Amino acid sequence: MNAVEPLPLETHPERVRLRFEQDDGTVKEARVPIGTTVFDAASWNGVAIDSTCGGHGTCKKCKVRIESGEVAPTAIDFRAFSPDEIRAGWRLACRAAAQEDLVVDVPRDLATVLGATNEGRTRQTCRDLDLAARLAVLT
Ligand code: FES
């Protein structure tokens, strides 16, 4: 009888681990395919990141700080952040493709305060707040 071969230690080498640290102390971890954006990984795992463009790279609201791991800044990051912020690890989550394990600081934002936990609710919350602000100006 042949001996059973042990399974390789890393069964999903094409995946990376993302650890989301939120300002309220909540920590969530997820394993996602290499190349997944931080924004998508957060959305899939109930971590609210501010956005009004739904991850299309136009609103520049999805600001996160990469605490550990490397994410090369994109051209839009250089328009959204100062050189010091880039050096400190600030990136737009929807442009940040995870190529390795990352620890991501997710700042507290208005959507998070209101309890939005996914992209659709975040966008709706922002629209509702915008409408409420316009009505307040008119009244
Ligand atoms: S979600 Fe709008 S720029 Fe990233």
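**Briefing on the fold**

Among contacts in the protein with a separation of 6 or more, 60% join residues 24 or more positions apart, where a contact means that two C-beta atoms, placed from the backbone, lie within 7 Å. This is a predicted model, in which local features need pLDDT of at least 70 and side-chain atom pairs count only at pLDDT 80 or more, while totals for chains, interfaces and linings use all residues. Residues are numbered from 1 along each chain as its sequence is written.

**Overall composition**
- The protein has five helices and five strands, taken as DSSP runs numbered from the N terminus, with helices (H or I) of at least four residues and strands (E) of at least two.
- Along the sequence, these elements follow the pattern β-β-α-β-α-α-β-β-α-α.
- Of the 139 residues, 29% are buried, that is, they have 20 or more other C-beta atoms within 10 Å of their own, whereas exposed residues have 12 or fewer and partly exposed ones fall in between, with C-beta atoms placed from the backbone.

**The sheet**
- An open sheet of mixed pairing is formed by five strands in the order E2-E1-E5-E3-E4, a pair requiring at least two DSSP bridges between the strands.
- Strands E2 (27–33) and E4 (90–92) stand at the edges with a single partner strand each, so one side of each has no neighbour in the sheet.
- Strand E1 (residues 15–22) pairs with strand E5 (residues 102–106) in the parallel sense over five bridges, and glutamate 21 stands opposite aspartate 105 in E5.

**Arginine 87**
- Arginine 87 lies in helix H3 (residues 83–87) and is exposed, because 10 other C-beta atoms lie within 10 Å.
- Arginine 87 and proline 73, 14 residues apart in sequence, are 9.5 Å apart in space, C-alpha to C-alpha.
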